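Here is a short briefing to read alongside the model.

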Amino acid sequence: MTELRTVLVPDGLAGERVDAGVARLFGLSRTRAADLAGEGLVVVDGKVVGKSDRLAPGSMLEVSLPGADQRPAVRVVAEPVPGMRIIHDDDDIVVVDKPVGVAAHPSVGWSGPDVVGGLAAAGYRISTSGAPERQGIVSRLDVGTSGLMVVAKSEYAYSQLKQAFRTRAVDKNYHALVQGLPDPLVGTVDAPIGRHPGHDFKFAVMRNGKPSVTHYEVIEAFRHASLLDIHLETGRTHQIRVHMAAIKHPCCGDPLYGADPTLARKLGLDRQWLHAVGLGFEHPGTGAYVHFESEYPEDLQRALDVVATF
């Protein structure tokens, strides 16, 4: 039994290799995407394609994924995660600075590194609450988004932090480089988000979606892009990416949501320019407010330096 996933190739992936495009669109590792193509499970406009074939915008891309009964059980594999830094560690929590290309936890279809496995490899014992592969995880970042995550180590911390995220008591601060200049310079996007109809692994502003609120402020405006300071009230999947695209200012380097691939190439970006720079909450153990910060990773800083020269 297989599960068929279908999506139209966005303009931003024009000319992209099949394995790279499938990986980005369906949240798979590039190795896994290449394996699927090698098994004849990737079809474009009715024709089986190889991993090195090129994608054309508007084409119908179909990927057959193993059905639930054929999938291996998701389990935590203790493997070091290069570049993952520990920002803070105590008896209740560990705060990590997650690199790009790393998932929050193991999942079906993902064979790359993840935070849970990285912490296990480093000898950290985390909360056993939650699904076995998601133990200790109280919030997530996309694979293509870097920055701060907090993981619960104690059972009490897990319950307290889950409630804090649920009630919007956590300060979640991001920086994003978006195309163009938003008007107004300070604003709020209050628009419900749901799964995009007909597009797997993509989300959109939908009338029947979940309430989603994003606050933004322009930090610096460049000729072709703007650096934004963003605070989230809610935490929907792809929320910032969807809301920025909805106001016609997609994150640079984000072809799934309409970013200009030419600009992305000029900036040297192969992922969305989006970084979780700040995270603040009431510490579940002490009750004191704590706040953590993260600097831009090398690829995002380099892109920012380049856009400033245009």
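The radius of gyration is taken over C-alpha atoms, and the globule rule is 2.2 Å times the number of residues to the power 0.38. With 310 residues, that rule puts a compact globule near 19 Å, and the protein agrees because its own value is 19 Å. This is a predicted model, in which local features need pLDDT of at least 70, side-chain atom pairs count only at pLDDT 80 or more, and totals for chains, interfaces and linings use all residues. Residues are numbered from 1 along each chain as its sequence is written, and side-chain values use heavy atoms, leaving out hydrogens and water.

**Overall fold**
- You will find 7 helices and 15 strands in the protein (DSSP runs, H or I of at least four residues for helices and E of at least two for strands, numbered from the N terminus).
- The C-alpha trace spans about 60 × 50 × 40 Å along its principal axes.
- Of the 310 residues, 49% count as buried, meaning under 20% relative accessible area with a 1.4 Å probe, protein chains only.

**Around His 105**
- His 105 sits in the loop between strand 6 (93–98) and helix 3 (115–121).
- His 105 counts as buried because its relative accessibility is 6%.
- The side chain of His 105 makes polar contacts with the side chains of Arg 134 at 3.5 Å and Arg 140 at 3.4 Å (N or O atoms within 3.5 Å, one able to donate a hydrogen and the other to accept it; residues adjacent in sequence count only if both atoms are side-chain atoms).
- Leaving aside residues up to four places away in sequence, His 105 touches residues including Asp 114, Val 116, Glu 133 and Ile 137 (heavy atoms within 4.5 Å).

Technical notes: Buried < 20%, exposed > 50% of the residue type's maximum accessible area, 1.4 Å probe, protein only.
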